[in-house]
Amino acid sequence: MDPPSAATGGRGKRKKTSAAPEKNKRLKIGEDGEGMDGCVHPTHSPRISLLLNRLQQPVTLNELTELLHYAALGKTGGITQPSWCRLHHQRKVKGVNVVIVNGLTQTHFYKHYLTLQHLRINYTSRVTFTPSSQNIASEIFSREVSNSDGPSIYQKKESVKMHKALRYHPVITKFGTQTRGLTAYLLSLQEMIQRHYPVKGMPGFEDFVCTDSVNCVTDSSPLYGLDCEMCLTEKGNELTRVSLVDSDGNCVLDELVKPENRILDYLTRFSGITAAMLRPVTTTLRDMQAKIKALLPWDAVLVGHSLNGDLVALKLIHPHVIDTSLLYRKEFGQRFKLKVLAETVLKRQIQTKKKMGHDSIEDAAAALELAQYFIKTGPRQVLERHLEELWGYTLEEEKEEEITDSSAPSLSLRFADILQTLGRTVAFIGKRSVVALDLSNQQWHSSDKEVLASYRKQSQSSFLSVLQFSSFSDHVKQEQRYQRVCANLRDMCVVFAGPFPAGFSEREVKRFFCCCGPVRKIKMLNTAVRVHAEVEFELLEGAVLALKVLNGLSLQGQSIKVQRPVNESMLDLDETLDALMGDALNTSSLYVIKTKLRTAESMNISAKVNGHTVGAQFPGASTITTANGLCPTKAHNKTSKLTEETVRETFGNFGAVQRVDLPAKPGKYARHASIKFESSHSKHAALISEDLSMENYVICPSLTPSHLHSWVSLATTVDAEGEDTEKTHMHNSHQDQEMELMMRKLDRYLGKIFKSLPPCTLSVVVLPGHNGVHGDLPGLCFMEVKSGSGGEQ
């Protein structure tokens, strides 16, 4: 229906709405594309919606991995939708990025709510996260994928006929039977170290030059064949010739190199190099290193036969290599010569006696073609086609039996392994830690700035990337176990009120303020002359309404002043309230409480909460009068119970109601409600309505995101010493300022990461929370699928 106008008071003909939504009804997207977050979503773009019955339930690490598995593999991979949310149009998801900010909790986010602008604006789905004692990054990579919908592309166990001898062949035991992409045949970091490849940071390679390579490559990365020739000098073997061929077999580099030291033997019978050939050469090793760095693309994969020797001669470090001597494996670690492989597999003669020495172009091209053939054909077919020629034995027919792929080396069901099997790259970038992932897919950095720079350099190449920011871990430990942060959040829900008449009791104060929202605690402040009270509400909305509605009321002839605590944490409170009202989770939500009169007389009070009209027919307490002298007799403040049916019936006149939350303690009726409209227009229509105040409704824009039960729950944690942190107010300006600067930096980093994400990437930010001996501090999980337009949301 159209929003009612202010002139008509927003009252139209009543219409019935359903009393309760379906249990698992999702937050919907309207016809105009407007979603729960108030944002317009492109039609058919991937997006996330939370199940209504899970809005206030924390998400566990197990449940988070459910989402990641479904986003990456989907129904075609046999994965069902997560149990707590829905990812729409999963097939259009192009990648997954997870950022873990160690040391931060849900409390930190709301304490620094204004500062973390990118985090609250870019991410329209937010849910409390249960702290885990496990390594989150490691669990993401190593968690096994459950397959509840039957066989899938990564787990299918086909019945195949395979000879027993093949099952234990070194090629099969290493690579399995499936045809896979080139990334499956890259040497791991451990293998490179074991095979004496030059590796950055390892002893003996300090003066080696590193290529400008990204940390991760894909199955579509270009292959380059490399071969070098050496001679013997006073210092050992030194480089004399370098040949490089591209993936099409074209020679892109072939040059002679002048050794630095005196040559003892040109090794002409192997290298083909003579003294006459090197005499006019001026190219040095450094020149050659620079040329190769300039020629190789950032995601190049080098291919060679026993390539470690070539890279050592070049004094070059390159992290992505395929060694053909290790593809066509023999028993007991023996290796085939390149000449034998070329003759048998490629049917080509190389390194013949007719030629003087080896031709490095020919050798580089042969190694490249051997790798391309192995990748395209697959290990099992290569073995069956060349078993007799290369490995020298045949298989008897009677030894053939039907087995499943599980009899051969079974594919791992770990998430990272499955993705790599499917040709999708994975990467961990963060501080050195124990992560269940191949070292070749890990990048260790000492600072968050380096983590950001490393990710932005290769953000387009990894399907699954997990970033870990660790700079907050040590700093947060200095914050007295979060006491100061919690105290600041508590202050937002507190008001001071008075003076009250002499003898005014705590119970009477609670009855006076409960019309604004649930009161958690009253602390009477009795001075020598007058009585004041400190009132702590469960919800931030209660404190806001008390300040705007009750301030200035006259009670038994005394004007009651309601005010906030005066300290540093309250200086930016108005800006924080404005930002919370505009939060994506609050844009179409209202906070509602209904008061109950015990007298025929009442008074009309109207106020504005940060520019929004708050209307109510407000009851008195004892003999309350307004500043204008209106005085009802023997009236009492009391809230009236709410039901979902009455709330939907009343507020359905302003527009479609998506959900109604009625928090209530066991065995008691709800006294306040949170209403979520399907459109923000409906919310604004309700705010300007005069009829709601006539029915004793007190309303204001929602300030509490749907995943929070109350603000007080953020501020009543227990520290390691067992003390209630709400009792301790510690305001150390230096540490607060330092933390604020770190939060600003974090927000910039998160904004840059989100901006650099490819379109249709699922982005998740996890504030892990804190496990303590005396209690846990919940974390927070943010989720968003970046718009397909590629722009920043």
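1. Salt bridges. In this predicted model, the count of salt bridges comes to 19.

2. Asp207 and Lys315. A salt bridge joins the side chains of Asp207 and Lys315, at 3.4 Å from N to O. The two residues belong to distant parts of the chain, 108 residues apart. Asp207 sits in the loop between helix 7 (189–194) and strand 6 (209–210), whereas Lys315 sits in the loop between helix 11 (307–314) and strand 12 (316–317). Asp207 has a relative accessibility of 39% and therefore counts as partly exposed. Lys315 also counts as partly exposed, at 29%.

3. Glu369 and Arg348. The side chains of Glu369 and Arg348 form a salt bridge as well, with a distance of 2.6 Å from N to O. Glu369 is part of helix 14 (residues 360–377), and Arg348 lies in the loop between helix 13 (338–345) and helix 14, so the pair ties together parts that are 21 residues apart in sequence. Glu369 is partly exposed, with 30% relative accessibility. Arg348 is likewise partly exposed, its relative accessible area being 26%.

4. Glu536 and Arg520. Here the closest N and O atoms of the salt bridge are 3.0 Å apart. Because Glu536 lies in strand 20 (residues 531–537) and Arg520 in strand 19 (residues 519–526), the pair ties together parts that are 16 residues apart in sequence. Is Glu536 buried or exposed? Its relative accessibility is 2%, and Glu536 therefore counts as buried. Arg520, by contrast, is partly exposed, with a relative accessible area of 30%.

5. A salt-bridge network. Which residues are linked in a network of salt bridges? They are Lys174, Glu191 and Arg329.

6. Aromatic pairs. Across the whole structure, a search finds 19 aromatic pairs. One of them involves Tyr110 and Tyr113: the ring centres are 6.0 Å apart and the planes stand at 10°, so this pair is stacked. Both Tyr110 and Tyr113 are buried.

7. Phe205 and Phe208. The rings of Phe205 and Phe208 have centres 5.1 Å apart and planes at 70°, so the pair is edge-to-face. The cut-off for that arrangement is over 60 degrees. Phe205 is buried, at 18% relative accessibility. Phe208 is buried too, with a relative accessible area of 13%. Both values are read against a limit for buried residues of under 20%.

8. An aromatic cluster. Which residues form one aromatic cluster? The members are Phe109, Tyr110, Tyr113, Tyr123, Phe754 and Phe782. The cluster thus includes Tyr110 and Tyr113, whose rings form the stacked pair described above.

How values were computed
Residues are numbered from 1 along each chain as its sequence is written. This is a predicted model: local features need pLDDT of at least 70, side-chain atom pairs count only at pLDDT 80 or more; totals for chains, interfaces and linings use all residues. Side-chain values use heavy atoms; hydrogens and water are left out. A salt bridge is a side-chain nitrogen of Lys or Arg within 4 Å of a carboxyl oxygen of Asp or Glu. Helices (H or I, at least four residues) and strands (E, at least two) are DSSP runs, numbered from the N terminus. Buried means under 20% relative accessible area, exposed over 50%, partly exposed in between (1.4 Å probe, protein chains only). Rings of Phe, Tyr and Trp (its six-membered ring) pair if their centres lie within 6.5 Å; planes under 30 degrees apart count as stacked, over 60 as edge-to-face and the rest as tilted.
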